[in-house]
Amino acid sequence: GISNLTSSLRDGFSTAGSMGTGLGALSRVSPSFDLYSQPGRGTALRLEVWGAVSIPPADEAVEFGAVCLPMLGEEVAGDGWLLRGSGDYRTIFVIDGLGHGPNAARAARAGIDAFAQHASAAPGALMQICHVALAPTRGAAGAAVRVDPAKRHGTFAGIGNIACRVESPGERRQLVSHSGTLGHVMRRVQEFEFDFPAGALLILHSDGLTTRWTSADYPGLMAKHAGLIAGVLYRDHERGRDDVTVVVLKNLMS
């Protein structure tokens with residue numbers, strides 16, 4: 001960790017006898033740079049570097065970031081995620097193919113493709129659509145969340161062990177998926193509505209990440225970029241025995 005972030009970003013400052021230009025240079029070449037550090041626990045950086053491609057316009061309603069990686073030793077991830085916008089809505093879909101490896105990846109891809117074709121559907125309907133699409137595969141856990149940032153409202157539906165929580169100042173709400181496996185056994189689909197106030201975070205993750213963490217362990221982190229939050233949670237809480245996906249969405253509406 002870095003004990004003095006302000007000094008560390010200043011050219012010429014070094015605790016190891018180097019030139020001391022590293023962090024300053026990174027912050028200058030990136031149009032979007034963010035850093036989080038806890039002495040004794042480590043430092044995480046997020047930055048964007050764009051070359052010939054023009055910088056895409058930012059979504060003024062939400063900020064998002066994600067980590068989606070295969071289990072160590074696998075070449076493909078059996079998890080997947082996708083975010084789509086439609087009018088005032090933003091809809092996130094997270095899927096975890098059973099097991100890991102190529103067959104899990106095929107199940108995840110089938111779910112992602114089905115979601116992409118029906119992204120305007122409500123979360124409960126998306127679960128039904130994906131259930132049919134995944135029938136030829138080994139199956140998956142999945143969850144869909146639709147939010148309206150301006151109205152500060154959201155709707156959630158999930159099947160299987162995809163965790164979802166809403167974090168806002170002074171409040172935390174866990175949204176519960178029903179048991180089952182998309183493509184094989186889905187006895188019940190239920191939509192849950194929730195408040196999504198300005199500045200609130202929506203955090204979804206597969207079971208490759210433990211649920212035993214709290215934002216109180218990370219003073220100041222929840223004010224950082226959504227992608228940096230996802231990265232820190234992955235760094236500290238991935239189980240190491242499965243693919244892992246963490247998706248974070250922040251309401252930017254005031």
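These questions and answers cover a sheet, a hairpin and some side-chain contacts in a predicted model.

Residues are numbered from 1 along each chain as its sequence is written. In this predicted model, local features need pLDDT of at least 70, side-chain atom pairs count only at pLDDT 80 or more, totals for chains, interfaces and linings use all residues, and side-chain values use heavy atoms, with hydrogens and water left out.

Me: What is the strand order in the open sheet of five strands?
Reply: Strands are DSSP runs of E with at least two residues, numbered from the N terminus. Two of them pair if DSSP finds at least two bridges between them. Pairing in this open sheet is antiparallel, and the order is E3-E12-E11-E8-E9.

Me: Which are the edge strands?
Reply: An edge strand here pairs on one side only. That holds for E3 (62-69) and for E9 (171-175).

Me: Which residue in E12 is the bridge partner of glutamate 63?
Reply: E3 pairs with E12 (residues 244-251) in the antiparallel sense, over eight bridges. Within E12, glutamate 63 has as its bridge partner lysine 250.

Me: What angle does the direction of helix H5 make with that of E3?
Reply: Helices are DSSP runs of H or I with at least four residues. H5 (residues 226-237) packs on the sheet and touches E3, E11 (201-205) and E12; contact means heavy atoms within 4.5 Å. Axes are lines fitted to C-alpha atoms, for helices over the stretch in contact, with angles from 0 to 180 degrees between N-to-C directions. Between H5 and E3 the angle is about 30°.

Me: Is aspartate 34 buried or exposed?
Reply: Buried means under 20% relative accessible area, exposed over 50%, partly exposed in between (1.4 Å probe, protein chains only). Aspartate 34 is in strand E1 (residues 32-38). Its relative accessibility is 15%, so aspartate 34 counts as buried.

Me: Which backbone nitrogen does the side chain of aspartate 34 reach?
Reply: Residues touched by aspartate 34 include Lys224, His225 and Leu228. At 2.8 Å, its side chain reaches the backbone nitrogen of histidine 225.

Me: Which residue in E2 is the bridge partner of aspartate 34?
Reply: E1 and E2 (residues 42-48) run antiparallel, joined by seven bridges. They form a hairpin with three residues between them. In E2, aspartate 34 is partnered by arginine 46.

Me: How far from the ring centre of tryptophan 213 is the charged end of arginine 165?
Reply: A charge sits over a ring if NZ of Lys or CZ of Arg is within 6 Å of the ring centre and within 35 degrees of the ring normal. Arginine 165 sits over tryptophan 213 in this way, at 3.7 Å.

Conventions
Polar contact = N/O pair within 3.5 Å; in protein donor to acceptor, adjacent residues only side chain to side chain. Lists of a residue's contacts leave out its neighbours within four places in sequence.
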